[in-house]
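Here is a walk through one protein chain and the ligands placed with it, going from the packing of single residues out to the overall fold and then to the ligand sites.

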Amino acid sequence: MTIVYLAIGSNQGDRLANLQAGLAALAPAVQLTNYSSVYETAAAYVEDQPPFLNAVVAGTTELAPHALLALLKQIEHDCGRRPGLRYGPRPLDLDILLYGELELQTNDLIIPHLRMFERDFVLRPLAEIAPNQVNAEQLAQATQGSVLAVVYSAKQLQGR
Ligand SMILES: Nc1ncnc2c1ncn2[C@@H]1O[C@H](COP(=O)(O)OP(=O)(O)OP(=O)(O)O)[C@@H](O)[C@H]1O
Ligand SMILES: Nc1nc2c(c(=O)[nH]1)N=C(CO)CN2
């Protein structure tokens, strides 16, 4: 059993419903234990697209890292995501941030996620549920003092 942290985002369609459907589809392979609030964030990298909803969840799994990646890609596809622009709009994005203490570098999977430490839309919600995983310097660097709006609570993300 391994503790994993996953980032989830959406900027197309019913964004909250997409996040909720994506998280529901993780069961039973990933048992979610912790949910951040949902943040609305201006699109990074490709800025000419709608704002994202972003959150981070923690869970436990018996899946090996590549099996977990395959599951996330399947869920993204089932939620309507199709190949498109890098960093472009999508109904659902699911990324593996951390997989226990594992450090892995393969062609199609890098853990910890390569760009997580530059992303305020990842570090803010991660710091909310796992402050020990984020150091203050990384958070300050990524956020540059910006404030991200919480638009739904963790309970709303869980659909409760
Ligand atoms: N930790 C990781 N979690 C998810 N995908 C990863 C990870 N490391 C590498 N990848 C690879 O990144 C590829 C591109 O992922 P995706 O299409 O979600 O990119 P993106 O969302 O546009 O950019 P980013 O990965 O920077 O968020 C995936 O097909 C996957 O093989
Ligand atoms: N704010 C924000 N910007 C993004 C996001 C995201 O989840 N949130 N995902 C992207 C696709 O990789 C590109 N840009």
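A residue is called buried here if 20 or more other C-beta atoms lie within 10 Å of its own, and exposed if 12 or fewer do. The coordinates come from a predicted model, and the values that follow were computed from it. With that cut-off in hand, Val-4, whose place is in strand E1, counts as buried because 23 other C-beta atoms lie within 10 Å. Leaving aside neighbours within four places in sequence, Val-4 is in contact with Val-30, Gly-59, Thr-61, Leu-68, Ile-96, Leu-98 and Tyr-99. Towards the other end of the chain, Val-4 and Ser-153 are 149 residues apart in sequence, and their C-alpha atoms are 21 Å apart in space.

When residues up to four places away in sequence are not counted, Leu-19 touches Ile-8, Ser-10, Val-38, Leu-53, Ala-55 and Leu-157.

Seen as a whole, the chain contains five helices and eight strands, which follow the pattern β-α-β-β-β-α-β-β-β-α-α-β-α along the sequence. Its radius of gyration is 14 Å, close to the 15 Å that the globule rule gives for 160 residues, so the chain is as compact as a globular protein of that length. Along the principal axes, the C-alpha trace spans about 35 × 35 × 35 Å. Of the 160 residues, 36% count as buried, and among contacts with a separation of 6 or more, 69% join residues 24 or more positions apart.

The ligand sites come next. Ligand 1 is surrounded by Leu-69, Arg-86, Tyr-87, Asp-93, Asp-95, Ile-96, Asp-108, Leu-109, Ile-110, Ile-111, His-113 and Arg-115. Strand E5 (93-99) and strand E7 (110-111) are the elements that give two or more residues to this shell, and E5 provides the largest share, with three residues. By class, the shell around ligand 1 has six nonpolar, one polar and five charged residues.

The shell around ligand 2, by comparison, divides into seven nonpolar, three polar and one charged residue; among its members are Gly-9, Thr-41, Tyr-45, Phe-52, Asn-54, Tyr-87, Asp-93 and Phe-121.

Finally, an unreviewed UniProt entry carries the annotation "domain: 7,8-dihydro-6-hydroxymethylpterin-pyrophosphokinase" over residues 86-97. In the model, the end C-alpha atoms of residues 86-97 lie 18 Å apart, and the span is 0% helix and 42% strand.

Key:
Residues numbered from 1 in each chain as written. Chains lettered and ligands numbered in written order. Predicted model: local features only at pLDDT ≥ 70, side-chain atom pairs only at ≥ 80, totals over all residues. Near = placed C-beta within 6 Å. Nonpolar A, V, L, I, M, F, W, Y, C, P; charged D, E, K, R; others polar. Helix = DSSP H or I, 4+ residues; strand = E, 2+ residues; numbered from the N terminus. UniProt positions renumbered as here; feature names shortened; annotations may be inferred. Rg over C-alpha atoms; globule rule 2.2 N^0.38 Å. Contact = placed C-beta atoms within 7 Å.
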